[in-house]
Amino acid sequence: MRVVIGGIDGYIGWALALHLISRGHSVIGVDNFITRRRVEEVGSWSATPILDMYERLKVVEELTGQRIDFVEGDLTDYAVVRGVFNKYKPDAFVHLGEQRSAPYSMIDVHHAVETQVSNITSSLNIVYAMKDVSPHTHLVKMGTMGEYGTPNIDIPEGFFEVEYNGRRDYLPFPRMAGSWYHWSKVHDSGNMMFANKIWGLTITDVMQGVVYGTRTDEIVDERLHTRFDFDEVWGTALNRFCVETVLGLPMTVYGRGGQTRGFISLTDSVQCLRIAIENPPDKSEYRVLNQFDEAYSVIELAKKVYEVAKRKGLEPAIANVPNPRVEAEQHYYNPIHEKLKKLGYKRTRMLEDELSIILDDLVKYKERLEAKREVIFPRTDWRRPRNPLR
Ligand SMILES: NC(=O)c1ccc[n+]([C@@H]2O[C@H](COP(=O)([O-])OP(=O)(O)OC[C@H]3O[C@@H](n4cnc5c(N)ncnc54)[C@H](O)[C@@H]3O)[C@@H](O)[C@H]2O)c1
């Protein structure tokens, strides 16, 4: 199949591109490298050194003999998006090219606005371009499990049967996101559902759990590394805990650490995306997939890192620090995730094994982590945004 990846330079996008070409798909990537610039803006960098895109593409050609076409461009620019659809008329477009950090969106009013405007604009551009020049394309749109929040009932895959005042309907499950970033994804989902309704576009909306890992089956050469962020703005809790442990710092668990989320390895995330691409929904269907393997609380994650690090001779420690976020620290969490399994998905990676690989990779790049140790501790406070006028 011919697949365009919007956001190919990113953590998931690069790993997905390598995985798809290894399975015989032809890949075209689009990116404007904004994640690199935004991470620099907060004084950080990827723990794994990553080549620039043009060098990356040369290495891929050298190692696999395959070519990935690349368009440097901004998905918030309609002319760029329409040009890509016009030129490539892809079977699938995977949209990963959005601002993806919750803390970044919470810094101040400008970061909130930038997040929502750019995320919602890029998705609208894509559905308009599909309608105008490539209506057969299947859009795989990356959302997040964070759209649902943490309701006190089970979370279905997108829709659920509901009875109210004696009448029944099949409705979108309520979304209760926890940051401006997560709300941008909720607004995207509403827009994708509506684009499907008015134009009959075929769309898979992926509710992605937190992704972890430094490697996939295809990332076998240091020059093929994907990015791995660890600072307080861009790093997930798991990434921060691994880096803190390698640096001999205590793992900074926010609050009581009962916050529970769904997780999946990078290898299995790209496997799921390939399965979604190879098995599109019925033409003109809007499909929602919950994409994660297992739920862990933040304190459980810290304990897993502790056990694996201890076995490696590191000296891990856990500390509870005041929670800069506004979120429930103890709650019920039981999302359903069956549709991908029905399409043939089987988990291939366990958290402990991946943690061991992550720690080994990070030890190799300890100097890069040392250089940025001051950006790990939380500074972005949900309750007290930065004053943009100061
Ligand atoms: N990584 C996770 O754990 C996770 C979890 C849930 C959802 N997601 C979602 O998955 C997607 C990919 O996440 P990621 O971790 O790979 O993020 P990332 O920031 O590493 O990658 C996104 C890529 O898109 C590019 N990009 C962003 N805006 C763009 C624009 N307007 N035009 C062109 N390129 C643009 C960035 O430069 C970057 O290379 C995001 O939508 C994110 O919200 C990620």
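Which residues in α8 meet which residues in α12?

Author: First, a caveat: this is a predicted model, where local features need pLDDT of at least 70, side-chain atom pairs count only at pLDDT 80 or more, and totals for chains, interfaces and linings use all residues. Residues are numbered from 1 along each chain as its sequence is written, and side-chain values use heavy atoms, with hydrogens and water left out.

Now the contact itself. On the α8 side you've got L238, C242, V243 and V246, and they meet L351, L355, I358, L359, L362 and V363 in α12. Contact here means heavy atoms within 4.5 Å, and the helices are DSSP runs (H or I, at least four residues), numbered from the N terminus. Sort those contact residues by type and you get 10 nonpolar, no polar and no charged; Ala, Val, Leu, Ile, Met, Phe, Trp, Tyr, Cys and Pro count as nonpolar, Asp, Glu, Lys and Arg as charged, and the others, Gly among them, as polar.

As for geometry, α8 spans residues 237-246 and α12 spans residues 351-364. They pack at an angle of about 50°, with their axes 10 Å apart. Those axes are lines fitted to C-alpha atoms over the stretch in contact, and angles run from 0 to 180 degrees between N-to-C directions. That makes α8 and α12 oblique to each other, since under 35 degrees counts as roughly parallel, over 145 as roughly antiparallel, 65 to 115 as roughly perpendicular and the rest as oblique. The crossing of α8 and α12 is right-handed, meaning the near helix is turned clockwise from the far one by less than a right angle.

Definitions and conventions: Helices (H or I, at least four residues) and strands (E, at least two) are DSSP runs, numbered from the N terminus.
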